[in-house]
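Q: Hi! Could you walk me through this one while I have it open?
A: Happy to, let's take a look together.

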Amino acid sequence: MDNIHFFENRDELSDFFARDLYEKIKEKPDKEVFSIALSGGSTPKHIFQYLSSHYHKNINWEKVYFFWGDERCVPPEDKESNFRMTKENLLKNIPIPDNNIFRIKGENQPESEAKEYEKTIRKNIHALNGIPVFDYIMLGLGDDGHTVSIFPDQLDLFDSGKLTVVAINPYSGQKRISITGQLINNARNVAFLITGKAKAEMVKTILEKKNGWQNLPASKVQPTFGELLFLLDKEAAASLNPGY
Ligand code: 6PG
């Protein structure tokens, strides 16, 4: 059974997430690294602002390594950049050492950067059965059921034998670099953070296993041994059956 939490609003969801992250970081000995892959898009903006303003002093950021689940193939100062969004809403507000930030270089040639990012992940994160184990992977959900940058029309990328791939946003044609299911399903903690009424139908399809749910990238997030959390605000949960 997935671990599903419902929240009245974005602040309550953000507080739960920040507290969960704080507790999990604290659990790890200070001399060890806590690795997290952050999600992109717009949902994290409010969550990162909340994390910055309420937990910037509580968390020992020296032990936190920031990665990203995906990045658009644009320069870091581009308004589309997930790194830029994270820098503006989180990184600039916390005392995180530059060496703890492992940016996907969206400005580089996509195929070679995907390979470089895989090398960076392997170099900095301990592996289990040959696959690096993230302590935490934060995911968003697209209203078409995509997650990270794996879209329904490129479902095979989720199970590709690689840790990182080059994907294409089918609506804009924009190239993206994304981690794959091998990393996501090998993580200790995976959390979907989903807000807003635009996601309600897709949340219902995935959680209630409605027709076609198996063919959605987000449905393939099934951690082998880690915890899977769904954090939903009231609007995102609005279409679920009352009994859910
Ligand atoms: C990205 C994301 C992507 C995102 C979903 C939801 O780079 O866009 O990583 O997977 O999480 O598209 O995006 P919103 O939060 O903007 O709805």
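Q: In what order do the six strands of the open sheet come?
A: This is a predicted model. The order is S1-S11-S10-S7-S2-S3, with parallel pairing.

Q: Which strands are at the edges?
A: Strand S1 (3-7) and strand S3 (64-68), each of which pairs on one side only. On average, neighbouring strands of the sheet are turned by 20° against each other, direction ignored.

Q: How many bridges join S10 to S11?
A: Six bridges link strand S10 (residues 189-194) with strand S11 (residues 227-233), and the two run parallel. Within that pair, Ala 191 has Leu 229 in S11 as its bridge partner.

Q: Switching to helix H4: which of its residues are buried?
A: Pro 110, Glu 113, Ala 114, Tyr 117, Glu 118 and Ile 121. They cover an arc of only 145° around the axis, so they sit on the same side of H4.

Q: And what covers them?
A: The cover includes S3, strand S6 (131-132), strand S8 (164-168), strand S9 (175-179) and helix H5 (181-184).

Q: Which exposed residues are on the face turned away from the buried side of H4?
A: Lys 115, Lys 119 and Lys 123.

Q: One more thing, Thr 43: buried or exposed?
A: Thr 43 is buried, because its relative accessible area of 18% falls under the 20% cut-off. This residue belongs to helix H2 (residues 43-55).

Q: What is Thr 43 in contact with, leaving aside neighbours within four places in sequence?
A: Leu 193, Thr 195 and Lys 199.

Notes: Residues are numbered from 1 along each chain as its sequence is written. This is a predicted model: local features need pLDDT of at least 70, side-chain atom pairs count only at pLDDT 80 or more; totals for chains, interfaces and linings use all residues. Side-chain values use heavy atoms; hydrogens and water are left out. Helices (H or I, at least four residues) and strands (E, at least two) are DSSP runs, numbered from the N terminus. Buried means under 20% relative accessible area, exposed over 50%, partly exposed in between (1.4 Å probe, protein chains only). Contact means heavy atoms within 4.5 Å. Two strands pair if DSSP finds at least two bridges between them. Axes are lines fitted to C-alpha atoms, for helices over the stretch in contact, and angles run from 0 to 180 degrees between N-to-C directions. The arc is that of the directions from the helix axis to the C-beta atoms.
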